[in-house]
Amino acid sequence: MNKTYVTIVSFLSIGAFLVLLFGFSWTIQNQLSKEKSTVREQPQVEEIVNEKEGKTIVALGDSLTRGTGDEEGKGYIGYLVEELEEKTDEKLTLHNYGVKGYRSEQLLNQVKGDTIQNQIKDADVIIMTIGGNDLFQGGQTLVSPKQDEISLLKDQYVRNLKETMELIKSINQDAVIFLVGLYNPFIDLEDAATTTAVVRDWNYSTNLLLDQYPNTVFVPTFDLFQLKVNDYLFSDKFHPNSKGYQLIAERVASLITW
Amino acid sequence: MNKLIHNEMLKIIRKRKLIVVIAIMAVLISLFTYAQFREVQRQIEKLGDVDWRTTLQQQIVDTQNRLTSSGISDEWKAQLQIRVQQQQYYLDNNINPAEPGAPTFVRSFAQESITLFVPLLIMIVAADIVSSERSAGTVKLLLTRPVKRWKILLSKYVALLLSISIIVVLMGLLAYVISGVVFGFGGWKAPILTGFTSIGGELNTSHVQLIDQWQYILMEFGLVWFVAIVVGTLSFMLSVLLKSTSASMGVMLAALIAGLILSNLVSSWQSAKYLFMINLDLTGYLAGSSPPVPGMTLLFSIGVLAVWAVIALFVSFSVFVRQDVY
């Protein structure tokens, strides 16, 4: 083994040692000094330019948009996109911002974010599911439905949805908005009459609000789940299963025209 | 003394250990680069455009969804919560946390490799540094020289420190060069946020600082180096104490892997924070992920590791000086 080779490696190692020692002491010094935040607002760089090739779909909302309960994990949005891709030759881009458990106020908060607004601006179609968690609260509401409580929830929901819609419309007037309505997952249980009335009333209020906006479609799903609800529900008896999601997807797909 | 150290370096080099370590690093870094490359491709395919804000927003939504699923542990939940808030902070301040380029790869690679990958590489060099002399019988030749025993051990330790230093630097260089071929070599000046702290699952941003990526990487490698030295020192002690190299490697390996497992379990076991293997993830503090046991800080972890290393050194020297050799 060449002696100079060893010497070279040794000296390189000493150099490495010093550099790393410097890095390490710098870290400690930096951590000790605990300066106040130095983050300055970064200059807002140029608007996001999305290559406008094909159509853009933005999906917003709760677990239905996310696809909870679908064995294949697609959700109605997944099936919808598949179906649309068969129908057209255009390239489809999907942005799915659905978050499980979202209520209308959380959706409103999300839509206030810059990045989401940028995506909404470029959207050709916006699809939403919202309200299910406002109303059902994970099944609590309909176990012991109290009229005054429900109307309180509904008022809040309508207010949030109104603000959300106005925000979206102010960003993008041309996009068609589809809002998928609620079904009654408890239609098989006793008390179906009460729960059905509540859900129908809820959907009616949503529909009433949406009528104020152009290019906005309320998509009913109540009838889809009316007769054989258990065939279309996931084992949690709340979210749709694959079949249920496919039904919703077919319905929305038939409404979308470019 | 210089001669002794030179002699020890010669031994490490002649055993081709550095070459082996470099080869392992080159192969694995290539693999990681390829995996990262595929991931980027998939993102582009899925989201259509490549604006980082879109990707980051999508990541936030994905994490939020994972948060709501039942059956995830509280520790993991806290981690995810912190991550979401951090990503949101990046987004709100319009800073890309993953500027494409080799420096970003180097940064995340150092972060991922500090708890296991680097310690393993160090063990290759450190685990047999004394015990191999004993099994080969050369230790007798060494000790019959007119040199004090502690000097012999010290020269071995210094040679170990030097090899650790060059291994850590070479790891950075290899990661930079290999990933640079795929992702491009630029991005040293990209802004990075550091100084996040978490209190009770909430992200505290009052000390967040904006620094250049090269500064961040330098700090990170300083920490990686420190961890490597501590692990090296512990292996060094085991190498003095145990006659068989495989035994000392086994002990070290078990400790490291136990550390990985424990990190996900110990948030309610307070005193676990004094174990060295819980404290290895120093780069996590820079990035601001939540520590394994609430209340741990960077300086605390460095302190714990330093105490372990000092004790290990003390044990190594006092045992080696008195040990009977036959």
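**Salt bridges across the interface.** I started with the charged pairs and counted one salt bridge between chain A and chain B. It joins the side chains of A:Arg66 and B:Asp62, with 3.4 Å from N to O. A reminder to myself: this is a predicted model.

**Other polar pairs.** Next I looked up polar contacts across the interface of chain A and chain B, and the rule gave me seven residue pairs, both partners at pLDDT 80 or more.

**Who supplies the chain A side?** I checked which elements of chain A each bring at least two residues to the side that touches chain B, and found helix H1 (3-33), strand S2 (92-96) and helix H5 (114-122). H1(A) has the largest share, with 23 residues. Sorting the residues on this side by type, I got 25 nonpolar, 19 polar and 11 charged.

**Extent of the contact.** I then took the interface as a whole: 55 residues of chain A are in contact with 55 residues of chain B. The two chains bury about 4,900 Å² between them, and 65% of that is on carbon and sulfur atoms.

**Nonpolar cores.** Which residues touch the most other members of the largest nonpolar core? I found B:Met25 and B:Leu282, in a core of 106 residues. Helix H10 (residues 213-241) of chain B gives the most to this core, with 18 residues.

Methods: Residues are numbered from 1 along each chain as its sequence is written. Chains are lettered from A and ligands numbered from 1 in the order in which they are written. This is a predicted model: local features need pLDDT of at least 70, side-chain atom pairs count only at pLDDT 80 or more; totals for chains, interfaces and linings use all residues. Side-chain values use heavy atoms; hydrogens and water are left out. Contact means heavy atoms within 4.5 Å. Buried area is the accessible area (1.4 Å probe) that two parts lose on being put together, summed over both. A salt bridge is a side-chain nitrogen of Lys or Arg within 4 Å of a carboxyl oxygen of Asp or Glu. A polar contact is a pair of N or O atoms within 3.5 Å; within protein, one must be able to donate a hydrogen and the other to accept it, and residues adjacent in sequence count only if both atoms are side-chain atoms. Helices (H or I, at least four residues) and strands (E, at least two) are DSSP runs, numbered from the N terminus. Ala, Val, Leu, Ile, Met, Phe, Trp, Tyr, Cys and Pro count as nonpolar, Asp, Glu, Lys and Arg as charged, and the others, Gly among them, as polar. A nonpolar core is a set of buried Ala, Val, Leu, Ile, Met, Phe, Trp, Tyr and Cys residues joined through side-chain atoms within 4.5 Å. Buried means under 20% relative accessible area, exposed over 50%, partly exposed in between (1.4 Å probe, protein chains only).
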